Amino acid sequence: MALDELTREFLIESQEGLDRMERCLTELEERPQDAGLIGDIFRSVHTIKGTTGFLGFKRLEKLAHAGENLLGMLREGKLTADGPITTGLLQLMDGLRSILKTIETEDSEGAGEDTALIERLEELQAPAQVQVQYAPVLAVALHGGATADASQQEDQALRNGAIPPPAFTDAPSPETSTVAIVAEAVLEKAQVASDGDTGKARAQGAGTAAESTLRVDVSLLNRMMNLVGELVLTRNQILQATASDPGLTLLSRRLDMVTADLRESVMKARMQPVSNIFSKMPRIVRDLSQMLGRKVRLQMEGQDTELDKSLLEAIKDPLTHAVRNSLDHGIEPPDVRVAAGKDPEGTLRLRAMQEGSHVVIEVCDDGAGIGVEKVRAKAVERGLITAERAAQLVERELLQLVFLPGFSTAAAVTNVSGRGVGMDVVKTNVEKIGGKVEIDSRPGQGTTLRLRIPLTLAIIPALIVHSVEQSFALPQGALSELVHIPPEQAATAIEWIEDVPLYRLRGKLLPLVFLDRLLMPGGAHKASTEKDNFIAVLNADGRQFGLVVDGLADPEEIVVKPLSAVLKNIGLYSGATVLGNAELALILDPGAIALKAGVTMSSLEQKGREVEQGTEAEAGKSLEYLLVEVADRRAAVPLADVLRIEQLKVSRIEYIGYRPVLNFEGQLLPVEDSGGVLAAVGSNPEAQIIVVVCREGNRQVGIAVSHVLDVAAGSDLFEAGTSTRAGGVTLLKSRVTGVVDLGGVPPVRVDEGTPAAWSQSNGELVEAAR
Amino acid sequence: MSSLATVFNRKENAATLVETCSVRLENGLFGVPIRHILEIVGRARPQPVPLAPSYVGGLVHYRGDVLTTVSLRQLLDMPPLDGPQDILVLEGVLEGSGGCFGLLVDSVGEVLTVSSADHEPNPSILDERRRALFAGAYKLKDSLLVMLDAERLDPIRLDALPLAAAQAA
């Protein structure tokens, strides 16, 4: 239903007011005497009440009015904001929210009754002995509700929320305030506020924000993003067309720069701080910890970190899931914590930071951690994995099992969690937007869940492949490696069971899908022995298969364009894009291809293997190594840690003191050069060097090498006469090879002022995300 | 010119005039009312979409979006044409930005103003499929202008079209 302009404006303003109220309420629990906070909340409710009056929303007005009365008394100091009052105010807020929601969808307030809530708000005023003064007003507000039977009211009040009967509200009960919520930013604000006049400082802040910002429709932003994408493509074509004309070079350079700036600005306009979803968390933590009998302190960091609006929406649910999980399974009840020698109050940390083209959001608790043995037993019990398989898994791999659908270690199904729909939902939702989930847990010390989210959805990295004389884009996210099979090897390298093609990838059979045969069934296709074959090894939703294409082009950052319904229905393409050479390319959907070609996870056994493979890739415990040559010596880098291999001019390397570093897409990358590769190149700035970029904990490091030789499987070496694994070496191609110690690469100190963040997960100093 | 003359002669008859964009397909002359047309894209080479329904002529790049085209040749069981073709960008059945689609024709001709007095409904001898796609014909002085039902050409509706003829293609 179409709302008129005024109502829509009112809805938006009221929502903002309620968001502010929610923030203030959680702070209020911490500092019940803060007059500034109460004033803020009062203003929010008052504004709603005032506007509803002339818009004619009677139900909303009644409820807001009742709340305003209670808040008025708080403001005048006749009442103290104790636990029950805060709970009442939170319920008032929920009530207002739900009516606003109804107005938004139905253009009317709906037929609900708020009598119980209004009466509770009235009861909360009782202790202050000033009822008489407010009685006439209340009588109006209560309207028909006052006639309800008293015991029934009380009954209902008790049912709706854990609010003590009125008799108990006189004295603030000691156990009501079980949550202490500390947001760091909030603390800072409080510090400022305590110096000066709180109310004034806040009012000023709000005023300037309102003047310098503007509400813009999201669809308009989407349209702008689209047009900018178009401009980028046109620019690419102009740059190609004018490359040979010196007269136009200057102009096209200028066009190039302006386009890049414009694109960045539009992207920025779509960015929103993560505080938009973080701000919902204090309330969730408060409610849950009361329900579960936990004591939890919530810390939030990096709320200014920005993320594309659509992505922010997409991670809201996964993040809520993760927080619920931490509270239910992670942080123990206070008595258990005390028995374990911990602070009875648990800490839940939410941390957001930008790392290159990703935003990392950490949910970190200091709870019981995940008992891997419990995970093992549960997974077997639920039939997610066979007992033999489970016995072989190491700790790291076992942790990954929590992401399997249907997994839960909770003994009892509570209404918070335990239904086994937690972590796999987190994982699928995050992967849907091209992100990744990592988990790290130490028994008795806590669990860290790390969500790695790409900065934007509209532009994704993709590999351009050729088949049926067309170009297709293959999202890099699903791509794990590429294998080239020249025509003369095709006869032996590709093996067949009946008409099913297979390829032996490091000893395991990988099902193959020929893209040309899939796209043009019945068409005349060249046999694989007559052409080059490129196998793109894809991992889509746990299905691993090789997609055989005729050719590869460069990877490209592509702008995703939606397809019309009729083409979406084909089910193979997730969109289309325009390449740098102005050619259109369809974006292949690896998951859909797997389905269409019949690649499935058939048995439980296979599922176990998927998990194992997943862990190998993520946990860095892989036995696969990248064999490199560093100044005539062979060395190995764990393949799972290798992000990419860059070939670049030696002049790109810069130095901080004696330390070589690489400015890579605006990020500082320390380069390890123990082999003296850089020195060997000498002063020739044009010389090419190879840098293997690796992931090490939370940071990235580069290793300068002379050559990249091969990928090979390594095996552990045991010191003679002992069963101790020799550290730092592995057996590669029957030669003992040293493994590059990535952890040993010291972090770069840009200057003394750079704050180094303490990473709990791996206990190392890491660079604060710049 | 001749058609314009026709129009002028008939103007007095209180018949409504329809502005129609004429398109050519082989030797046939077809018309689309210009109120349905958003834009004309000349000399385009659509990118084929493997496994798409046969009437899909491919994708073209249009104003920052990817436009699905419908091949009139395919719909009328004519052999595909090599080389660039013209595209009429038409308003889709669904409102909103993503709703438009392209109609792939051999070439776009001039805009003709035709009078409803010259209009005749679809002859019953046409097959069911053509009866669904055509909206009658205007008798021009020296030829017939077959009107296309722009709304029926939307890919969303084409799925429901009797496809007896298309199976052969």
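In chain B of this predicted model, residues 24 or more positions apart account for 59% of the contacts with a separation of 6 or more. The secondary structure of chain B comes to four helices and 11 strands, and of its 169 residues 35% count as buried.

Chain B meets chain A through 19 of its residues, which are in contact with 21 residues of chain A. On the side of chain A that touches chain B, at least two residues each come from H10, from helix H22 (565-568), from strand E18 (573-578) and from strand E19 (584-588). Of these elements, H10(A) gives the most, with four residues. Sorted by class, that side of chain A has 15 nonpolar, four polar and two charged residues.

H10(A) also leads the reader to a helix pair within chain A. Helix H10, residues 218-242, and helix H11, residues 246-269, have axes that come within 10 Å and cross at roughly 160°. Because angles over 145 degrees count as roughly antiparallel, H10(A) and H11(A) are roughly antiparallel to each other, and H10(A) passes H11(A) in a left-handed crossing. The contact draws on residues of H10(A) that include A:Leu221, A:Met224, A:Val228, A:Leu231, A:Arg235 and A:Thr242, and on residues of H11(A) that include A:Leu248, A:Ser252, A:Asp256, A:Thr259, A:Arg263 and A:Ala269. By class, this contact of H10(A) with H11(A) has 13 nonpolar, four polar and three charged residues. In an α-helix there are 3.6 residues a turn, so residues three or four places apart point the same way.

H11(A) itself has 24 residues and reaches 35 Å from its first C-alpha to its last, which is close to the 34 Å expected at 1.5 Å a residue. Despite the contact with H10(A), H11(A) is hardly covered, as the count of buried residues among its 24 residues is zero.

From H3(A), A:Lys62, A:Leu63, A:Ala66, A:Gly67, A:Asn69, A:Leu70 and A:Met73 take part, meeting A:Leu117, A:Ile118, A:Leu121, A:Glu122, A:Leu124 and A:Gln125 in H5(A). By class, the contact of H3(A) with H5(A) has eight nonpolar, three polar and two charged residues.

Conventions. Residues are numbered from 1 along each chain as its sequence is written. Chains are lettered from A and ligands numbered from 1 in the order in which they are written. This is a predicted model: local features need pLDDT of at least 70, side-chain atom pairs count only at pLDDT 80 or more; totals for chains, interfaces and linings use all residues. Axes are lines fitted to C-alpha atoms, for helices over the stretch in contact, and angles run from 0 to 180 degrees between N-to-C directions. Angles under 35 degrees count as roughly parallel, over 145 as roughly antiparallel, 65 to 115 as roughly perpendicular and the rest as oblique. A crossing is left-handed if the near helix is turned anticlockwise from the far one by less than a right angle, and right-handed if clockwise. Two residues are in contact if their C-beta atoms, placed from the backbone, lie within 7 Å. Ala, Val, Leu, Ile, Met, Phe, Trp, Tyr, Cys and Pro count as nonpolar, Asp, Glu, Lys and Arg as charged, and the others, Gly among them, as polar. The expected span of a helix is 1.5 Å times one less than its number of residues. A residue is buried if 20 or more other C-beta atoms lie within 10 Å of its own, exposed if 12 or fewer, and partly exposed in between; C-beta atoms are placed from the backbone.
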